[in-house]
2 protein chains.
Amino acid sequence: MSQTKMITTKRVTSHEVAQQAGVSQSTVSRVFSRDTRLSKTTSERVMRVAGELGYKPNAIARSLSTQRTQIIGVVASYMTNPFFPVVLEAFTQRLHELGWRVLLFTAGKSNDVDVLLPDVLAYQVDGLIIVTATLSSQMTREVLQRGIPVVLFNRYAPGSGASAVSCANDEGGRMVADELVRAGHTRFAYITGRPDTSTNVDRQKGFLERLAELKVTDCLIEPGDFTYEAGFAAAQRLLTSSRPPDAIFCANDITALGALDAARKLKVSVPNELSVIGFDDIPMGQWAAYDLTTVRQPLEDMIEASIELLLERVENTDLASVLQFLPGTLVRRGSARLSP
Amino acid sequence: MSQTKMITTKRVTSHEVAQQAGVSQSTVSRVFSRDTRLSKTTSERVMRVAGELGYKPNAIARSLSTQRTQIIGVVASYMTNPFFPVVLEAFTQRLHELGWRVLLFTAGKSNDVDVLLPDVLAYQVDGLIIVTATLSSQMTREVLQRGIPVVLFNRYAPGSGASAVSCANDEGGRMVADELVRAGHTRFAYITGRPDTSTNVDRQKGFLERLAELKVTDCLIEPGDFTYEAGFAAAQRLLTSSRPPDAIFCANDITALGALDAARKLKVSVPNELSVIGFDDIPMGQWAAYDLTTVRQPLEDMIEASIELLLERVENTDLASVLQFLPGTLVRRGSARLSP
DNA sequence: GAGTTTGTTGCAAGCGTATGCACAAACTAT
DNA sequence: ATAGTTTGTGCATACGCTTGCAACAAACTC
């Protein structure tokens, strides 16, 4: 069908460079793969000719030949939560610095992760980073069986065979409980994220466990889904109830911002009448309008760890999977009362 | 060096499927490229065997053979401005639906667009979408010379040979001027974005031109850079000056949010004492804390147009480049006074 | 029943690069 | 001078797939 005459396009290949430079194609190839045992003379001549012709090695052909694409697949979505774009940008940037390319996939309403995974695999990615959603265990198995290492970021699935890097979410939840109790709060609430995520489960678990240890039993659980809107609605429900809480821990920052705006709308004074604490430490938390107290995830370290874990396993497929939890730190700002 | 024994990994190729199914390799290939003239019998048998063996066509090999990678390169950065993540997600999603993959590149401090472009090219992308930053004209030329169509999103560079899709920014600026003047404002200000972007230039130009047409000459220009922090600082400077404006037009929404927070901090009542209007219509503008009046970019249409423009040119390299401007719409919310 | 058309499938030549092996030239050591 | 070593380059094949061309059997046509 599309038999358009390709008049202009003239891809320069290593053969042409070789011919112009009076060497063999293999020599050109060796020049570009920095093969040591090449005379400076030829090397330079080839480079010069290549430059003149505008030759760039064809990464696709190289991939086919080396059985390595130097491509990492990244699955990320929910870009309306500012946490993910920042993570994505950092990953892309860092991987690029290390000589890897990023093939981006976004899960969404129409396409589940499991649905788009075959496409990921078709492109022979050397490794896979999953920032949003989780793979079905069946899919994980299929991927790992092909010898493609997987790292889950900010989530984990023990026994799946996938490695994972996550914040120590339970510990974070405990820190928040400590902080709020120490500040003298008595009536607590937790606004959840999506209930099927390890992130939400652990934050909630740590929070409630620590509260129990401190002999606090008065904690409402209000359902949310990690969004601003859910946070707003949940906080509104809580604050207009017969016995409103004086401290709210939110499953993530964006939820907390929603909660803060609900408080503002209801003229509930923060932090005098109400403390709100989030989780993530997204840039917006620092904005004057919010000044959000939160648990900071050690993003840089988490990303660095993820990449290291992944690339190690790209090099050596036999390495066992690893779960890694990095500690968060409480960042005290204006949205939560301080202990006296 | 890395001569690890690949014990587990057994990539299934079309040859193996062919052998198992008792047909030739080409037949297997034809089955997977939906070649019509194949008997149902063989077709189904091949499919069944392929399923059993877990065969997926190797996209890399296919790319090499067809001279088409089905990969679109996307350059995007500044993920802290919520506008871009949303755009990126939409692009990725839509392109995936249409059977294309996205290779993501982020420009940044260390790597300019021009620096990472060679890498983009090495992977033989079939097309290029640039969401952030602009290419140097030299680079654009080099890309286009290779027959790789380029679409600039939300920015343009006339005469570069690259197509572009953008909001009618000047018209948007004019709409804002109209709205603010009609509401009875008299002392205006514009907080700029990065001055070297078409986006900023056009919004400013339209705004000022329309003000001039309406016989308004009193408009301060305060430098910004499309960030919250710059908006906050600029608004603070403006509002604490000897003769503060009563209406501020911001180069984009995130700047406007900063301006609103500055006003809040300085106890300047919005919209009574001050109107603020942004540009983009990011989701956060709807939040209760801001309720931002703004010019909405027709994102869906812009993305659809970009993709159409790009894919057209992937099919037919000879098509001339096109600049396309889609009209924005004023979204009236609470941050700007309404006309009486 | 010979000639023609139609529908299926196989053969084989690429696509652009990497790399083991062979070999010539230039040294080093006897 | 000879044998052994090092250094630099080319040859040829492989990577997994697509696709033009040809082969062939089956189904028609007259």
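Two strands count as paired if DSSP finds at least two bridges between them. Keep that rule in hand for the sheet at the first stop. The model is predicted.

**Stop 1: the six-stranded sheet**

Select strands E7, E6, E8, E9, E10 and E12 of chain A. In that order they form an open sheet, and the pairing is mixed. Now colour the two edges: strand E7 (219-222) and strand E12 (329-331) of chain A each pair on one side only. Averaged over the sheet and ignoring direction, neighbouring strands are turned by 20 degrees against each other.

Zoom in on strand E6 (residues 188-191) and strand E8 (residues 247-250) of chain A. Four bridges pair them in the parallel sense. Pick Phe188(A): opposite stands Ala247(A) in E8(A).

**Stop 2: strand E5**

Select residues 163-167 of chain A. Is this strand enclosed or open? Five of the five residues of E5 are buried, so the strand is largely enclosed by the rest of the structure. Buried here means under 20% relative accessible area.

In a regular strand the side chains alternate between the two faces of the sheet. Show side chains to check both faces of E5(A). Ser163(A), Val165(A) and Cys167(A) are buried on one side. Ala164(A) and Ser166(A) are buried on the other.

Next, show the partners. Strand E4 (residues 150-153) of chain A pairs with E5(A) in the parallel sense, over three bridges. Val151(A) has Ser163(A) in E5(A) as its bridge partner. Strand E11 (residues 323-326) of chain A also runs parallel to E5(A), joined by four bridges. Here Cys167(A) stands opposite Leu326(A) in E11(A).

**Stop 3: the two chains**

Which surface do the copies use? They meet through the same surface, because 100% of the interface residues of chain A are also interface residues in chain B.

**Stop 4: H4 against H4**

Select residues 59-66 in both chains. The two H4 helices pack at an angle of about 130 degrees, with their axes 9 Å apart. That makes H4(A) oblique to H4(B). The crossing is left-handed.

Finish with the side chains. Ile60(A), Ala61(A), Ser63(A) and Leu64(A) meet Ile60(B), Ala61(B), Ser63(B) and Leu64(B).

Methods:
Residues numbered from 1 in each chain as written. Chains lettered and ligands numbered in written order. Predicted model: local features only at pLDDT ≥ 70, side-chain atom pairs only at ≥ 80, totals over all residues. Heavy atoms only, no water. Buried < 20%, exposed > 50% of the residue type's maximum accessible area, 1.4 Å probe, protein only. Contact = heavy atoms within 4.5 Å. Axes fitted to C-alpha atoms, helices over the stretch in contact; angles between N-to-C directions. Parallel < 35°, antiparallel > 145°, perpendicular 65-115°, else oblique. Left-handed = near helix turned anticlockwise from the far one by under 90°.
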